[in-house]
Amino acid sequence: MRSAAASCSASAPASTRRSALRVYDTIVRLPLKIGGKSEGAQPVRDLDTVRGFLSGAGPSALFDLPWMPVYLAICFLFHTYIGLTALAGAIILVTLTIVTELRTRQPTRSATQFAMARNTLLDASRRNAEAITAMGMTGRIARRWNDLNRHYVAESGRAGDVAGGLGAASKILRLLLQSSILAVGAWLVIHGESTPGIIIAGSILGARALALVDLAIANWRGFVAARQSWQRLARLLAHLPARTEPMPLQPPAKTLVVHNAAVSPPGEHKVVCQDVNFSLAAGKALGVIGPTASGKSSLARMLVGVWTPARGSVRLDGATLDQWTPEALGRHICYLPQDVELFPGNVAQNIARFEDPPHPEAVLAAAQAAGVHELIVNLPDGYETSVGDNGNALSAGQAQRIALARALYRDPFLVVLDEPNSNLDAEGDEALTRAILAVRARGAIVVVVAHRPSAIAGVDYILVMAKGRQQQFGPKEEILNRVIQPSTPPRTLKVVPGEGGGG
Ligand SMILES: Nc1ncnc2c1ncn2[C@@H]1O[C@H](COP(=O)(O)OP(=O)(O)OP(=O)(O)O)[C@@H](O)[C@H]1O
Ligand SMILES: [Mg+2]
């Protein structure tokens with residue numbers, strides 16, 4: 001039984017690596033499927049809990065438990081009374097184990113829930129440290145965090161008290177039962193029904209049988225926590241079955257066709273972008289305009305495949321996006337999100353999307369295509385400049401321009417830019433237009449979501465969104481003449497919704 005546990009841990013590294021990767025993959029992909037109802041980084045902690053329990057003394061304590069009936073049977077062979085005494089002891093201790101199980105289950109579960117809420121709040125506070133400090137919210141958020149922490153400590157303390165108290169009771173009972181077996185043995189010897197040797201053997205075996213239950217109770221809390229973690233992981237992994245790799249397709253090179261497409265945010269039923277119909281050939285660029293919350297970013301997410309269409313289809317060279325693996329899609333489609341975040345690492349690594357090793361020529365080419373090479377070499381350490389969470393070492397405009405270079409790395413076929421100029425000055429705007437024209441010149445397709453006219457200087461088609469629907473699609477001049485109010489100030493694009501039909 002111990003060798004079984006040992007062989008389990010010996011084969012752990014490969015399977016541990018596999019399950020850790022699967023859990024990471026699920027944490028990243030699950031929010032795209034069920035939205036805000038995912039549990040953040042909790043699955044990683046669950047995996048640690050299961051691993052911690054399996055590599056501790058817990059499993060061997062539980063694996064040894066089936067030996068108890070064997071020890072009890074031998075006690076019965078010694079003498080019925082010795083067997084009965086040991087059996088009564090075992091029943092009492094097993095009852096204690098069941099009580100431990102019932103009384104630790106609930107506090108362990110709510111302790112985990114409070115820990116999850118506490119960690120989510122902590123993550124959000126860390127990400128928004130500047131806003132929290134500037135708005136004087138530190139004290140209030142700290143109190144909220146402290147409340148959750150107090151509940152967590154109280155619940156895990158409750159589970160600990162139950163398990164600890166019942167564990168101590170079981171130890172006392174065990175000693176009492178061991179003494180009882182000795183007493184019964186002595187009584188049998190006095191009445192000539194047994195020999196002194198049997199007393200000793202009975203006492204040793206009885207103690208062995210009862211010690212197994214004792215050990216199991218001592219490890220019960222860990223077992224309950226590991227079992228709950230395991231159940232949560234199983235539920236989570238069932239949401240997202242392991243991916244099967246589709247057959248590799250030829251890189252797309254000709255068209256982007258969106259047919260009658262509609263999309264809902266992950267885990268929601270409301271459709272936030274619908275009736276989208278357009279097609280673009282290689283070398284064309286589309287500007288998507290429309291008021292706030294009209295569904296522009298939702299359309300962009302659908303075009304890059306992070307949100308799956310609820311109806312209709314998005315096709316590159318005739319194939320829907322799910323026919324490519326996410327890695328292949330990442331090579332052919334690039335996306336500059338509205339909220340730019342760079343990852344901890346240096347500028348070159350970020351542009352190369354952490355390709356290992358990064359390809360220096362491709363990094364330089366992407367930086368040049370985005371017109372950001374000069375800006376980067378002027379940074380303190382050039383391409384080696386470290387950027388922390390949210391691109392700490394950079395201004396918002398610098399981060400946005402570097403993120404544009406990241407989107408252009410290795411010449412993707414479809415480039416989707418969501419408000420790429422929201423933080424840019426005039427020079428950045430010009431670099432953006434040059435980048436869009438260069439992407440078109442090499443035969444790729446660009447889609448730019450824009451609030452400001454400067455971002456759509458390099459496009460030749462316009463799609464107008466309003467109230468979650470496509471309102472217009474067509475050549476730029478024609479659409480702009482039709483939908484832009486004559487009194488509109490030149491720095492913003494203001495659309496009169498509801499004019500005309502779909503494209
Ligand atoms: N993750 C999400 N979960 C639920 N609803 C969402 C989510 N993202 C967007 N929405 C909703 O979808 C609608 C369209 O949002 P979207 O971000 O596409 O607008 P937008 O046109 O890009 O606006 P803006 O110009 O402000 O960026 C909004 O009503 C918004 O509340
Ligand atoms: Mg948006």
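Predicted model: local features only at pLDDT ≥ 70, side-chain atom pairs only at ≥ 80, totals over all residues.
Residues are numbered from 1 along each chain as its sequence is written, and chains are lettered from A and ligands numbered from 1 in the order in which they are written.

The chain is divided into domain 1, residues 2–239, and domain 2, residues 255–483. These bounds come from an automatic or database domain assignment. Taken over C-alpha atoms, the centres of the two domains are separated by 50 Å.

Two helices come next. Helices (H or I, at least four residues) and strands (E, at least two) are DSSP runs, numbered from the N terminus. Helix H6 covers residues 80–127, and helix H8 covers residues 138–190. The two pack with their axes 8 Å apart and at an angle of about 170°. H6 is therefore roughly antiparallel to H8. Axes here are lines fitted to C-alpha atoms, for helices over the stretch in contact, and angles run from 0 to 180 degrees between N-to-C directions; angles under 35 degrees count as roughly parallel, over 145 as roughly antiparallel, 65 to 115 as roughly perpendicular and the rest as oblique. By class, the contact of H6 with H8 has 28 nonpolar, 13 polar and six charged residues. Ala, Val, Leu, Ile, Met, Phe, Trp, Tyr, Cys and Pro count as nonpolar, Asp, Glu, Lys and Arg as charged, and the others, Gly among them, as polar.

Two residues of H8 can be followed in detail. Tyr152 lies in H8 and is buried, because 20 other C-beta atoms lie within 10 Å. A residue is buried if 20 or more other C-beta atoms lie within 10 Å of its own, exposed if 12 or fewer, and partly exposed in between, with C-beta atoms placed from the backbone. Leaving aside neighbours within four places in sequence, Tyr152 is in contact (C-beta atoms, placed from the backbone, within 7 Å) with Ala111, Phe114, Ala115 and Arg118. Phe114 is 38 residues from Tyr152 along the chain, yet their C-alpha atoms are separated by 5.1 Å. Trp145, also in H8, counts as partly exposed because it has 16 C-beta neighbours inside 10 Å. Beyond four places in sequence, Trp145 touches Arg118, Leu121 and Leu122.

Some backbone details follow. Most residues other than glycine have a negative phi, and most peptide bonds are trans. Asn260, in strand S1 (residues 255–263), has a positive phi near 50°. Asp317 also has a positive phi, about 50°, and lies in the loop between strand S4 (311–316) and strand S5 (319–320). With 16 C-beta neighbours inside 10 Å, Asp317 counts as partly exposed. A cis peptide bond, with omega about -5°, joins Asp356 and Pro357. Pro357 is found in the loop between helix H13 (347–351) and helix H14 (360–369).

The ligand comes last. Ligand 1 is surrounded by 13 residues, of which the closest are Pro265, Val272, Lys296, Ser297 and Ser298. A residue is near a molecule if its C-beta atom, placed from the backbone, lies within 6 Å of it. The shell around ligand 1 divides into three nonpolar, eight polar and two charged residues.

Notes: Contact = placed C-beta atoms within 7 Å.
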